[in-house]
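Keep the sequence and the 3D view open while you read. This report starts with the overall chain and then moves to single residues.

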Amino acid sequence: MVIYLIEIKEIPDTWSKDQIKIYELYREYLVDSRDMNPEAVEEFEKLLTKWIDESQIKIVSWNCNGKFREKFNEIIEEDADIYVVQECEDPSQSTEEEYREFAGENYFWTGHLHYKGLGIFAKEDVKLEKIETNGEFEHFIALRVNDSFNLLGVWAMPKYVEMIHDFFDANEDLFDENLVMCGDFNSSEVFNYHHPKAKNHTELNKKLEGKGLKSVYHDGTGDEQGKEKAMTFYQARHLNNPFHLDFVYAGENVVKEFEILDFYKWLTVSDHLPLVFKI
């Protein structure tokens, strides 16, 4: 008995007519329950898996804990299409040639300190267009990616979650199911008592869910906000002082894969763990 494994809910816009035709042929065997040589099925699925992987955008969000010029070689091993990096240097003011080469020309950076800001770096074949936003919010970058979806990079500084509330209120039209929001929120329900009720983490989550945006981690694991089993931040890199402060919010079924990378490696270079996901 042949078991068919691949079902695509939405065929990628980048697929050619021939790719679509091959996928439809593959699905015919599933619908009609036809017998098929297992080796042929395996070849079909290898091909389809390769095409699906090529059509997805891989994104890494990471607070590098400064000195990104010395750490970018670690994260590019993930071979992502886009890196959303908090606490990184402005490449245009860096004296490190390798770091400037990594950044290339397809990036956006913001910050008032040249050695510590928010950067979004992409491969050359990824189209990035700046989305103008309202208000003076330094550590937010909104981009249109490949004419397909909007990406909002966040590095929340004091007053942390209150800053995200203010950005949301000033740019509410940006927030819909076509937005992917990621970064270091420096926020959690465990810190609600630090903020006015109207601007705490619980209320932010309600605002985002009201726009069709859910935390990818919580939606996938079923963990409650503030009671996460997996952490993203270890204060002073101590294993006994962890919090879940980094997030990806997206519409339903937008993110296909999500992973928090292992702390054994990443705590040697930062107090935050990278979030890796595919669109």
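Helices (H or I, at least four residues) and strands (E, at least two) are DSSP runs, numbered from the N terminus. Y99 lies in helix 4. This is a predicted model, where local features need pLDDT of at least 70, side-chain atom pairs count only at pLDDT 80 or more, and totals for chains, interfaces and linings use all residues. Residues are numbered from 1 along each chain as its sequence is written, and side-chain values use heavy atoms, with hydrogens and water left out.

## Overall chain

The protein chain holds eight helices and 14 strands. Its C-alpha atoms fill a box of roughly 60 × 45 × 40 Å along the principal axes.

Buried means under 20% relative accessible area, exposed means over 50%, and partly exposed lies in between (1.4 Å probe, protein chains only). Of the 279 residues, 48% count as buried. The chain exposes about 14800 Å², and carbon and sulfur atoms supply 46% of that area. Accessible areas come from the Shrake-Rupley method with a 1.4 Å probe; for residues, only the protein chains shown count as cover.

Contact means heavy atoms within 4.5 Å. Among contacts with a separation of 6 or more, 60% join residues 24 or more positions apart.

The chain carries 30 positive and 56 negative charges, and their mean positions are 3 Å apart. Lys and Arg count as positive and Asp and Glu as negative; His and the chain ends are not counted. Each charge is placed at NZ of Lys, CZ of Arg, CG of Asp or CD of Glu.

Rings of Phe, Tyr and Trp (its six-membered ring) pair if their centres lie within 6.5 Å; planes under 30 degrees apart count as stacked, over 60 as edge-to-face and the rest as tilted. A search of the whole structure finds 27 aromatic pairs. W15 and Y23 form one of them, edge-to-face, at 6.3 Å centre to centre and 75° between the planes. F68 and Y99 have ring centres 5.8 Å apart and planes at 90°, so this pair is edge-to-face. F68 sits in the loop between strand 1 (58-63) and helix 3 (72-75), while Y99 is in helix 4 (residues 97-103), so the pair ties together parts that are 31 residues apart in sequence.

F68 and Y99 are both buried. The relative accessible area of Y99 is 0%. W15 is buried at 7%, and Y23 is buried at 6%.

What does Y99 touch, not counting residues up to four places away in sequence? The partners are F68, R69, F72, C88, E89, D90, P91, S94 and F121. One aromatic cluster is formed by W62, F68, F72, Y83, Y99, F102, Y107, F121 and W266. W15 is 84 residues from Y99 in sequence and 34 Å away in space, C-alpha to C-alpha.

## Helix 5

Seven of the ten residues of helix 5 are buried, so the helix is largely enclosed by the rest of the structure. They are V161, E162, M163, I164, H165, F167 and F168. These residues pack against strand 6, strand 7, strand 8 (179-184) and helix 6 (201-210).

## Backbone and loops

Most residues other than glycine have a negative phi, and most peptide bonds are trans.

| Residue | Phi | Relative accessible area |
|---|---|---|
| D147 | near 55° | 46%, partly exposed |
| R237 | about 65° | 31%, partly exposed |

D147 belongs to the loop between strand 6 (140-145) and strand 7. R237 is in the loop between strand 10 (233-234) and strand 11 (242-243).

A cis peptide bond joins P158 and K159, with omega about 10°. K159 is in the loop between strand 7 (149-155) and helix 5 (161-170).

G226 is in the loop between helix 7 (216-221) and strand 10. G226 is partly exposed, at 24% relative accessible area. Where does the chain meet G226, leaving aside its neighbours within four places in sequence? G226 is in contact with S188, E189 and V190. E189 is 37 residues from G226 in sequence, yet 4.8 Å away in space, C-alpha to C-alpha.
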